[in-house]
Amino acid sequence: MVLLRPLLVGAAFLGASTQAQSVVGTPFGFASGATGGGNAAPAAPKDTNELKEWLSDPTPRVILIDKEFNFIGTEDTCTNCQCCIPESNKCGDAGQNAIITKGSNWCGSYPTTKCTYDNAGLQGMEVASDKTIIGVGDAGVIRGKGLRLVNGVSNIIIQNIHITELNPQYIWGGDAISLDGTDKIWIDHVKVSLVGRQMFVTGYESSGSVTVSNSEFDGQTKWSSSCDGHHYWSVLGYGKGDQITFANNYLHHTSGRSPKIEFNSYWHAYNNLWENNSGHAFDVGEGANVLIEGNVFSNVKTPMNPENKPGSTFAVSAQDASSCTSALGRPCVANELTSSGELSGNDEAVLSSWPKGEGDSKVMTTDKVASYVKANAGVGKLGAGSASSSASVPPTPTSSAVPSSSATPSSSAHARRHHGRRHHY
């Protein structure tokens, strides 16, 4: 595989390993109450092997990512291996071919080809319960391997790290952060770039209560499934029973699935900035419940994919704002669209069926969102207004708890629409 030039890290790298650092801010939204490694003494692993060991062992830990941990080449390179050329790749070397993975029929009858990729990127490192993973300054980089939270793990905080270069040439080249059967997960001030598949994904089992905040999903790439330098596979929620707060994030240069949401999950997306998206942002499928408010869409071709049944979606417009008052005790905040397509979805039933546990949502008006998100989202910005806590968001009169209800829609599995094939995440 072609290796990319190593990332430059800032001056904070110097002496970073000697700095003790703890979590900045407090988990909010559905992940409220997560403590990660708690009061464990912060420590920095010496190498990739020790990092993998500390992530997966049963000991509560605060793990400092104080440098670049490079996994490329640590699990061999697959040379002249089997890939396929999907119908989406109409641009040759500038597109994405797909790795043929064992047990998957995703490639179907697509023509095959030979490819070379790094095995380390295909599956993330296992993360056990009660861990805090936190980058020091802007030095915390994990290159060539993602993080995998599965099988009932809970109480994990991931903050201020950059995950990058997971076989970006290839579909199925690797997921940056994957959840499947988890609870109380806070992902904050994370940056993801140059991945082959999903930047953030929840699997079919419930991922429980999750907050993704102040993070940057950078879709700029040389190998694009959509043949335009924008990453298609971005954010995917398939967990039956997921409850996700998605706030203050920056998603740019993507072309689809940012996010794609299915089944009986609940997503509250607010104060995010979508910018330069050449395809669709939201793709909401049957059974999902999505509240979209106070977001900014700038140069987004299709904010809501019209080809999929839009589940139960309430995307707030200026005309809808006051209709939230009876359900939320406050007006909702309208979304803002500039040089963008239509954001559809006006199902107010989303409000009355909301689950317990998210608490107050401090939603900024959209005039503050773009500058705030660009100043705070991503790595090396923990000191920029301490934006990792909802309490640090500039105060507005729109703060109120979303109402609770025991109503839960049933899930409905159906055929995957992209490429007309059965869906895999």
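What follows is a chat about the helices, cores and charged pairs of this model.

Colleague: What am I looking at, and how are the residues numbered?
Modeller: It's a predicted model, where local features need pLDDT of at least 70 and side-chain atom pairs count only at pLDDT 80 or more, while totals for chains, interfaces and linings use all residues. Residues are numbered from 1 along each chain as its sequence is written, and side-chain values use heavy atoms, leaving out hydrogens and water.

Colleague: How many helices and strands does the protein chain have?
Modeller: There are 4 helices and 31 strands, taken as DSSP runs numbered from the N terminus (helices H or I, at least four residues; strands E, at least two).

Colleague: And what share of the residues is buried?
Modeller: 58% of the 425 residues. Buried means under 20% relative accessible area, exposed over 50%, and partly exposed in between, with a 1.4 Å probe and protein chains only.

Colleague: OK, helix α1. Which residues are buried there?
Modeller: In α1 (residues 48–56) they are Thr-48, Glu-50, Leu-51, Trp-54 and Leu-55. Down the axis they fall within an arc of 160 degrees, so they line one face of the helix; the arc is that of the directions from the helix axis to the C-beta atoms.

Colleague: What do they pack against?
Modeller: Several strands, including β2 (61–65), β8 (131–135) and β10 (147–150). Contact here means heavy atoms within 4.5 Å.

Colleague: Switching to the largest nonpolar core: how many residues, and which touch the most other members?
Modeller: It has 52 residues, and Leu-147, Leu-149, Ile-158, Ile-161, Ile-187, Phe-200 and Phe-282 touch the most other members. Strand β25 (residues 273–284) gives the most to this core, with 4 residues. A second, separate core has 16 residues, including Trp-172 and Tyr-232. By nonpolar core I mean a set of buried Ala, Val, Leu, Ile, Met, Phe, Trp, Tyr and Cys residues joined through side-chain atoms within 4.5 Å.

Colleague: Now charges. How many salt bridges are there?
Modeller: The count comes to 13, a salt bridge being a side-chain nitrogen of Lys or Arg within 4 Å of a carboxyl oxygen of Asp or Glu. Glu-68 pairs with Arg-143, with the closest N and O atoms 3.1 Å apart. Glu-68 lies in strand β3 and Arg-143 in strand β9 (residues 141–143), so the pair ties together parts 75 residues apart in sequence.

Colleague: Is Arg-143 buried or exposed?
Modeller: Arg-143 is buried, at 3% relative accessible area, while Glu-68 is partly exposed at 27%.

Colleague: Last one: what does Glu-358 contact through its side chain?
Modeller: Glu-358 makes a polar contact of 3.0 Å with the side chain of His-268 and another of 3.2 Å with the side chain of Trp-354. A polar contact is a pair of N or O atoms within 3.5 Å; within protein, one must be able to donate a hydrogen and the other to accept it, and residues adjacent in sequence count only if both atoms are side-chain atoms. Glu-358 is buried but has no salt bridge.

Technical notes
Lys, Arg positive; Asp, Glu negative; His and termini not counted.
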